[in-house]
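Let's take a walk through this fold together, one element at a time. Have the model open as you read on.

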Amino acid sequence: MGEILKMSTQEQVINRINDVFDQKKDILNVYFTAGYPMFDDTIRIARNLQNAGADMLEIGIPFSDPLADGTTIQESSSKALANGMTIHKLLDELKDLRKYIELPVLMMGYLNPILQFGVNPFCEACECVEIDGLIIPDLPIEEYIDNYKEIFTAHGIHNIFLISPNTSEERIRQIDEWSDGFIYMVSSSSITGAKKGLESKQLSYFNRIDQMNLKNARLIGFGISDHVSFSQACRYAHGAIIGSAFINQLKNDASEKAIKNFVTSIKK
């Protein structure tokens, strides 16, 4: 009976991401850094985003050297670390996550802290708090396939890979084959950061990927900051990810009303 219950829980966790793509379009995934602006803000912000109409949540694990992130997220990560946030404390804070949050929840972090924690114990802890997926930008796909896929699968965790304009078609096909949930399309060959509008070469890249007829859904991230860029992204993918623009909002005003207004302004 215990095994049946465990399998049912894993199936539910696996399907939570997929169900969103089955049921919705123009999906808004919002990133925020755990422990920012205040140490114990993670659940509060998650609840406010859910109530405001976000479709998916991405919680960043603060790290001292976030190579893929721009100044805004780097600063939020530094502030969260100064507040005392760690992987262990975040997982402890998330133990009550599913009392309040029905949306798919992903964690985004870098490989080094996860290796120090232990990949299997980390995935087991993520399963316990019902995290649906992980985004680890510096985890090579070959290393994932050879060493970690069985662990992720055993704990019902989707691993989300990133592609960029420089990713070869062969590599994209390989990522599509080994992906679950969705593919994270980096909008440009740059670090994260809110930008004004999308350039024609980015739209050409979006169209090229769209024409590949990949089996996995796609969300576009990096540089999505307002309703215009969100709508452009949704024309070429299943939705978009907003991070730096929301971190800037939290820096200026992290109240429930401000978060609701932010999400409303993006989705309209």
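Predicted model: local features only at pLDDT ≥ 70, side-chain atom pairs only at ≥ 80, totals over all residues.

Packing here rests on contact, which means heavy atoms within 4.5 Å. The buried residues of H8 pack against helix H6 (111-117), helix H7 (119-128), strand E4 (133-135), strand E5 (158-160) and helix H9 (169-178). Which residues of H8 are buried? They are Ile141, Tyr144, Tyr148, Ile151 and Phe152. An α-helix has 3.6 residues a turn, so residues three or four places apart point the same way. Tyr148 also marks a bend of about 70° in H8, which spans residues 141-154. After H8 comes Gly156, with a positive phi near 70°.

Now turn to strand E7. Five of the five residues of E7 (residues 182-186) are buried, so this strand is largely enclosed by the rest of the structure. Phe182, Tyr184 and Val186 cover one side, while Ile183 and Met185 lie on the other. Strand E6 (residues 162-163) runs parallel to E7, joined by two bridges, and Leu162 has Tyr184 as its bridge partner in E7. Between them the chain passes through H9, making a right-handed β-α-β crossover. E7 also runs parallel to strand E8 (residues 217-221), this time with five bridges; Phe182 is partnered there by Ala217.

Phe182 leads us on to the core. The largest nonpolar core has 93 residues, of which Leu49, Met107, Phe182 and Phe246 touch the most other members. Leaving aside residues up to four places away in sequence, Met107 touches residues including Ile59, Leu90, Phe122, Cys126 and Leu134. In soluble globular proteins, nonpolar side chains tend to be buried together.

Notes: Residues numbered from 1 in each chain as written. Heavy atoms only, no water. Bend = angle between axes of the 7 residues up to and from the residue. Helix = DSSP H or I, 4+ residues; strand = E, 2+ residues; numbered from the N terminus. Buried < 20%, exposed > 50% of the residue type's maximum accessible area, 1.4 Å probe, protein only. Core = buried A, V, L, I, M, F, W, Y, C linked by side-chain atoms within 4.5 Å. Pairing = 2+ DSSP bridges. Right-handed = clockwise from strand over helix to strand, strands pointing away.
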